[in-house]
Amino acid sequence: MRTSSSNKQNTRGFAFVYFVAIMATFFIMAFLIWVTKEYTQPRAISANRASERAENLQTVKEAVAPLLNEYGWQDQEKGFVRVPIKRAMELTVKEWQDPAKARLELISRMEKATALPPPPPEEPSAFE
């Protein structure tokens with residue numbers, strides 16, 4: 001009988017050790033997750049940084065406004081003109097009244113825009 005009671009005590013002892021090891025593992029993992037979260041959090045945006053970002057945004061908007069709202073050449077060699085957004089939307093709606101024709105026009109413009117320039121002429125051979 002003594003061996004069975006000592007086996008039960010050993011089993012209880014091992015179960016307790018396993019329980020403590022598992023709980024320690026959970027606590028270590030929770031600690032590592034917390035530390036990782038602390039290190040990976042971005043800094044809060046201060047008032048100075050917020051005003052700097054607002055100024056940068058305003059500068060970009062001012063620089064891009066002429067490109068979006070005025071006519072101009074996009075690629076003069078290929079004949080591409082930059083059109084204001086409102087006018088471009090009107091032209092698109094008008095053009096797509098006939099979808100088949102609009103698709104063909106779109107494909108032809110794409111081919112024209114992505115066409116490679118002709119290769120430069122080869123230099124004559126010294127033996128010619």
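Predicted model: local features only at pLDDT ≥ 70, side-chain atom pairs only at ≥ 80, totals over all residues.

**Salt bridges**

I started with charged pairs and found that the structure holds four salt bridges. For my count, a salt bridge is a side-chain nitrogen of Lys or Arg within 4 Å of a carboxyl oxygen of Asp or Glu. Residues are numbered from 1 along each chain as its sequence is written, and side-chain values use heavy atoms, with hydrogens and water left out.

**Glutamate 52 and arginine 49**

I looked at glutamate 52, which forms a salt bridge with arginine 49; their closest N and O atoms are 3.1 Å apart. The two sit three residues apart in helix H2, so about one helical turn separates them. Helices here are DSSP runs (H or I, at least four residues; strands are E, at least two), numbered from the N terminus. The cut-offs I used are under 20% relative accessible area for buried, over 50% for exposed, and partly exposed in between (1.4 Å probe, protein chains only).

**Helix H2 itself**

While there, I checked the helix. H2 covers residues 47–69, which is 23 residues, and reaches 32 Å from its first C-alpha to its last. That is close to the 33 Å expected at 1.5 Å a residue, where the expected span is 1.5 Å times one less than the number of residues. Where does H2 bend? The bend is at alanine 63, by about 30°, and proline 66 follows within four residues. I took the bend as the angle between axes fitted to the seven residues ending there and the seven starting there.

Next I looked up glutamate 90, which bridges to arginine 87 with the closest N and O atoms 3.3 Å apart. Both lie in helix H3 (residues 85–95), three residues apart, about one turn of the helix. Glutamate 90 is partly exposed at 48%, and arginine 87 is partly exposed at 36%.

In helix H4 (residues 99–114), arginine 109 and glutamate 105 are four residues apart, so about one helical turn lies between them. Their salt bridge has its closest N and O atoms 3.6 Å apart. Arginine 109 is partly exposed at 34%, and glutamate 105 at 37%. I also noted that Glu95, Glu105 and Arg109 are linked in a network of salt bridges.

**Aromatic rings**

How many aromatic pairs does a search of the whole structure find? I got one. The rings of phenylalanine 31 and tryptophan 34 have centres 6.2 Å apart and planes at 35°, so the pair is tilted. My rule was that rings of Phe, Tyr and Trp (its six-membered ring) pair if their centres lie within 6.5 Å; planes under 30 degrees apart are stacked, over 60 edge-to-face, and the rest tilted. These two residues are three apart in helix H1, so they are separated by about one helical turn.

Last entry: threonine 36 and glutamate 77 are 41 residues apart in sequence and 55 Å apart in space, C-alpha to C-alpha.
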